[in-house]
Every structure is written in C-alpha cells, then in structure tokens.
Amino acid sequence: GAGVSQSPRYKVAKRGQDVALRCDPISGHVSLFWYQQALGQGPEFLTYFQNEAQLDKSGLPSDRFFAERPEGSVSTLKIQRTQQEDSAVYLCASSYVRVAGPYEQYFGPGTRLTVT
Amino acid sequence: ELKVEQNPLFLSMQEGKNYTIYCNYSTTSDRLYWYRQDPGKSLESLFVLLSNGAVKQEGRLMASLDTKARLSTLHITAAVHDLSATYFCAVDIRGSQGNLIFGKGTKLSVKP
C-alpha cells in the first residue's frame with residue numbers, strides 16, 4: 001500500500017518568506033509526528049497529533065513554527081518568516097496509536113528546506 | 001537531560017569484517033528502534049526491541065537490548081558494500097505518546 005508522502009520534496013525559500021510543508025500519512029494511522037533533521041544529525045521531535053488534536057508541541061523551536069491537522073489526516077507544517085537556521089530536512093511519520101506491542105513509526109521521504 | 005549516544009559516529013570497514021555499533025540511552029524506555037538512512041533518503045525501520053534480552057536478526061545485522069545497562073548493540077557480520085549507510089538508534093520514552101529520541105547516527109562505509 002501507499003506509504004507516507006510529503007510535498008514538496010525540495011523547497012528553497014528566501015529569508016523572511018513563509019513556507020508550508022505537507023504530509024499525507026498512511027491511511028488509518030491516527031498518530032502523526034513531525035521531526036526536524038539538520039545536516040549530519042539525527043531527527044529531532046517537533047510535534048505530535050492524535051487525529052486532529054495536537055497533543056504535544058514541545059519540540060517546536062519558536063512561535064514561527066505552526067502545525068495543523070484539521071481533519072485528522074493530512075497535516076501541514078508552516079514556518080513563518082524563515083531564517084537560515086530553519087534549513088533542514090523535515091520528516092513526517094505516522095503510526096497507529098501507541099499501545100503495548102511492536103508499534104512502529106513509518107517515515108515519509110522528507111522535505112529538504114533551504115533558506116537563502 | 002535525556003540523551004541517546006551512539007558510538008562510533010563514523011565507521012569505515014572492509015568487506016567481510018565484523019563490527020558492533022553501540023547505543024546508550026539515559027532514561028527508562030519501553031522500546032528501542034534501529035533505523036537505516038541512505039543519503040538523501042528517509043528512514044527505514046530495521047528492528048524494534050521491546051524487552052530486556054531481546055535479540056533480532058535480519059541478514060547480516062543483529063540487534064540486542066539490555067534494558068538494565070540501557071544499552072543496545074547493532075552487530076554487523078561479514079560486511080558487504082550494500083550495508084553502507086547511516087544507522088540511527090532511537091528510544092521511545094515510557095509514558096510518552098511515542099515521540100522518538102534519536103542518537104546522532106553512525107555513518108558506516110564498507111570498502112572492498
């Protein structure tokens with residue numbers, strides 16, 4: 001079946017521009033995560049949704065970052081007034097609700113954001 | 001502060017050799033994950049380890065978990081070039097909704 005998809009795959013933004021990154025999770029996956037991966041580093045958690053509810057946004061680096069999932073499926077990560085330090089790969093992952101058992105997150109291909 | 005530390009961060013191996021990557025974590029965790037990432041690609045799940053003493057094997061890779069020592073290992077047997085990639089371990093914090101804390105990754109290069 002279809003995996004997690006993200007668009008665009010690459011985005012170049014001038015400093016100060018707003019960007020919107022889209023994530024289509026696997027159908028039926030209730031949980032959705034956003035991660036930020038800087039060059040040469042491991043992914044870092046940004047935010048978590050269960051259906052349409054944003055239950056954890058503790059990893060968002062500033063109030064310029066905003067995420068939504070209004071209908072409990074597709075999610076959008078928006079970055080306002082982009083800065084050079086926002087340059088990274090943004091990964092989306094989805095899963096079933098965390099319960100006892102294997103529980104795996106499935107990652108999308110990522111969006112590589114470059115701020116010039 | 002929660003930490004997940006991998007070592008080594010860089011590993012250059014010859015084909016046919018064996019080696020082990022180590023992953024230490026600093027807090028109680030329910031699950032330990034190993035992922036593979038090829039350049040420019042996303043994360044591919046390799047193993048999910050759920051309990052103390054868990055061992056899983058797939059091809060030339062074997063992962064184990066010691067929850068008492070808060071240590072996981074990824075052992076590579078008779079390395080081949082196709083295993084060249086970056087390997088990440090990640091932990092899932094007990095009581096969380098499942099957001100993963102990743103190590104910095106081990107970049108493996110297997111040379112003929």
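Analyst: Let us begin with a term needed for what follows: a strand is a DSSP run of E with at least two residues, numbered from the N terminus. The model shown here is predicted. In it, β9 (88–95) and β11 (111–115) of chain A, together with β9 of chain B, each supply at least two residues of the lining of the largest pocket.

User: What makes a residue part of the lining of the largest pocket, and which residues are the closest to its centre?

Analyst: A lining residue must have an atom within 4 Å of a point of the pocket. For the largest pocket, with a volume of about 630 Å³, 29 residues qualify, and the closest to its centre are Q37(A), L39(A), G40(A), Q41(A) and Q37(B). The element that gives the most to this lining is β11(A), with 4 residues.

User: How do you know how many residues of that lining are nonpolar, polar and charged?

Analyst: Each residue is assigned by its type: Asp, Glu, Lys and Arg count as charged, for example, while Gly is among the polar ones. On that basis the lining of the largest pocket divides into 12 nonpolar, 11 polar and 6 charged residues. G40(A), one of the residues closest to the centre, therefore belongs to the polar class, as Gly does by definition.

User: What is the volume of the second largest pocket, and which elements supply its lining?

Analyst: Its volume is about 410 Å³. Of its 20 lining residues, G42(A), P43(A), E44(A), I101(B) and F102(B) are the closest to its centre. At least two lining residues come from each of β5 (44–50) of chain A and β1 (4–7) and β10 of chain B. By class, this lining has 9 nonpolar, 6 polar and 5 charged residues.

User: What makes residues of chain B and chain A count as being in contact?

Analyst: The test is whether heavy atoms lie within 4.5 Å. By this test, 23 residues of chain B and 24 residues of chain A take part. The area buried between the two chains is about 1800 Å², and carbon and sulfur atoms give 48% of it. R31(B), Q97(B) and N99(B) supply 30% of the area that chain B buries against chain A, more than any other three residues.

User: How many salt bridges and how many residue pairs in polar contact are counted between the chains?

Analyst: A salt bridge requires a side-chain nitrogen of Lys or Arg within 4 Å of a carboxyl oxygen of Asp or Glu, and the count between chain B and chain A is 0. A polar contact requires a pair of N or O atoms within 3.5 Å; here the count is 5 residue pairs, with both residues at pLDDT 80 or more. On the side of chain B that touches chain A, β4 (29–37), β5 (43–49), β9 (85–93) and β10 (100–102) each supply at least two residues. The largest share, 5 residues, comes from β4(B).

User: Which residues does a cis peptide bond join in chain A, and which in chain B?

Analyst: In chain A the bond joins S7(A) and P8(A), with omega about -10 degrees. P8(A) is in the loop between β1 (5–7) and β2 (10–13) of chain A. In chain B the bond joins N7(B) and P8(B), with omega about 0 degrees, and P8(B) lies in the loop between β1 and β2 (10–14) of chain B.

Terms used. Residues are numbered from 1 along each chain as its sequence is written. Chains are lettered from A and ligands numbered from 1 in the order in which they are written. This is a predicted model: local features need pLDDT of at least 70, side-chain atom pairs count only at pLDDT 80 or more; totals for chains, interfaces and linings use all residues. Side-chain values use heavy atoms; hydrogens and water are left out. Buried area is the accessible area (1.4 Å probe) that two parts lose on being put together, summed over both. A polar contact is a pair of N or O atoms within 3.5 Å; within protein, one must be able to donate a hydrogen and the other to accept it, and residues adjacent in sequence count only if both atoms are side-chain atoms. On a 1 Å grid over the protein atoms alone, a cavity is a set of points where a 1.4 Å probe fits but cannot get out, and a pocket is an open set with protein on both sides within 12 Å along at least five of seven lines; lining residues have an atom within 4 Å of a point. Grid points are joined across faces, edges and corners, and a volume is the space filled by probe spheres set on the points.
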